Amino acid sequence: MTRSSNVTTISSTIPDLLTATERPYSINCLVIGRYLRYGLERSQTGLSEIGKVLPGQFLKFSPFGVTISYPWTPLDYCNRGEDIDPSRASVTLRQLLCSTTQALAAPHKKILLKIGGLDSSLLLSCLSHTRSADDLSAITIYQDCPMGDERRFVREATGKVSIPLLEYPETASRLDEDQLSAAPLTALPLYYAQHGQFEKRLTEIIEEENFDAIFTGHAGDEILYAAATSYGAMDYLYNRLFPIKLFSFMMEAARMQNRSVWSLFPEILRSRFNKQPWSFYAQHGHGKSRLLDPDLQDQIRPGKDTHPWLTREASIPPGKYYHLFPLTKGLYALEFMGHAEDPPPVIMPYLSQPFVEYCLSLPSWRLTSDGMDRGLARLAFKNFVPDNILKRRSKFSSAYYLRTLVELNFDFIRDTLMDGLLVQNRIIHRQSLEQLLSKEQDTDTRDQAWLINFLNTEIWARKWENMGRFR
């Protein structure tokens, strides 16, 4: 969304927005700094002249101006401490996910499912009831390391329902600016370096096989509650004078985190009496980065840019605020990164409104039943999804891939960043970057992630500069 000469232009894509306007654009350094450190939650984008409509926001244009309201809010559905029978809830959850997924699939003739972990395996179970091997296929990415290879689980899931599986080996390759710049122009940086080759291959597969929809388990972690924390016990205690079952939920929290019950007790007890405004960052703190410019970091205050949905209501326990936090970030707003001129829609059933509302209505301690992240979902699909997948506790990790990518492209990353736009705009602290990139010092996993994020952001900024409408 951009406004110029009393005209507001709104578009689903940046190229269309540029076609309709002729104004110049500039980097919003504060927003980019906050995006790199925290993520983005409000109406700003990485460009000072372009904003966005927030999740759930309603804009009304009239001769008297623009008014903003939120006709739908997840706060209306958040469970405030009411318990529920887990057996009945698990049946409803499975039926609702299946009916929603099948309804979203109905208009499409041939579907490709991106599959890897638990969430996408549940969707496969739902789709397989109405789809055959002729119009449903799956694709998985794997890496050459134990924590990056999920093929054993994926093969078991697709074998159970007898659909074709495409396996794509994601290997680190040499990067160049022309290759990275081929992705679409967006209002915020994309994962150019990590997924460029896969997205290109995905485009080829779509065109070869005539897939007209891509399904993904994106946001399953957030909506099904993959939080390996003490929130279940906190929420159970929060509004209860006589928390009879507290110890059992503390035991479940301890199993999820591989900690002792008594080490959890102080933080659980404190949450009972803490009525201060809830902050995701205070609970899951993102410390300062030595690579971001110190002056910029002093100006970054995430609390000033909190989505209105996160305004604290004392009746809603902290675990439910954690549950709805991802919804404020617009998880559905991922743009297809391939190179097809007319890419098929990317469909995310976990972000369908009926399913989101139902999961919000469930207490956090039930969503993590039996001391397992997404425990209720695992219970719901027992006998429908292979046991090895339901019992699996490990998660896909890209640490090995990132390390290999950085090592292989170390010189390219250094040359791109050292005198790039992020340094010129004092988003990156040049001396700290120079120290990190000295050959004498090895980079750790966190620094490798920062370097890749910086590279993505630098390429994004250069794409805008090359538009010829950058100031």
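**View 1. Buried residues of helix 15.** The buried residues of helix 15 are F355, V356, E357, Y358, C359 and L360. The model shown here and in the other views is predicted. Helix 15 spans residues 353-360, and because 6 of its 8 residues are buried, it is largely enclosed by the rest of the structure. The cover over these buried residues includes helix 3 (86-105) and helix 8 (220-224). Helix 14 (318-324) and helix 16 (364-367) also belong to that cover.

View 2. The cysteine sulfur closest to that of C78 is in C359, at 12 Å. Since a disulfide requires the two sulfur atoms to be within 2.5 Å, this separation is too far for a bond. C359 is also one of the buried residues of helix 15. C78 has 5% relative accessibility and therefore counts as buried. The number of disulfides found by the distance rule is 0.

View 3. S137 is part of strand 6, which covers residues 136-142. With a relative accessibility of 8%, S137 counts as buried. When neighbours within four places in sequence are left aside, the contacts of S137 are I111, L112, L113, I163, P164 and F211.

View 4. Strand 3 (residues 58-62) pairs with strand 4 (residues 65-69) in the antiparallel sense. The pairing runs over 5 bridges. F61 stands opposite V66, a residue of strand 4.

**View 5. Packing of helix 9 on helix 11.** Two packed helices are described by the angle between their axes and by the distance between those axes. For helix 9 (residues 231-238) and helix 11 (residues 261-273), the angle is about 40 degrees and the axes are 9 Å apart. Helix 9 and helix 11 are therefore oblique to each other, as angles under 35 degrees would count as roughly parallel and those from 65 to 115 as roughly perpendicular. The crossing of helix 9 past helix 11 is right-handed. On the helix 9 side, the contact is made by A233, M234, L237 and Y238. Helix 11 contributes E267, I268, L269, S271 and R272 to the contact.

Note on methods. Residues are numbered from 1 along each chain as its sequence is written. This is a predicted model: local features need pLDDT of at least 70, side-chain atom pairs count only at pLDDT 80 or more; totals for chains, interfaces and linings use all residues. Side-chain values use heavy atoms; hydrogens and water are left out. Buried means under 20% relative accessible area, exposed over 50%, partly exposed in between (1.4 Å probe, protein chains only). Helices (H or I, at least four residues) and strands (E, at least two) are DSSP runs, numbered from the N terminus. Contact means heavy atoms within 4.5 Å. Two strands pair if DSSP finds at least two bridges between them. Axes are lines fitted to C-alpha atoms, for helices over the stretch in contact, and angles run from 0 to 180 degrees between N-to-C directions. Angles under 35 degrees count as roughly parallel, over 145 as roughly antiparallel, 65 to 115 as roughly perpendicular and the rest as oblique. A crossing is left-handed if the near helix is turned anticlockwise from the far one by less than a right angle, and right-handed if clockwise.
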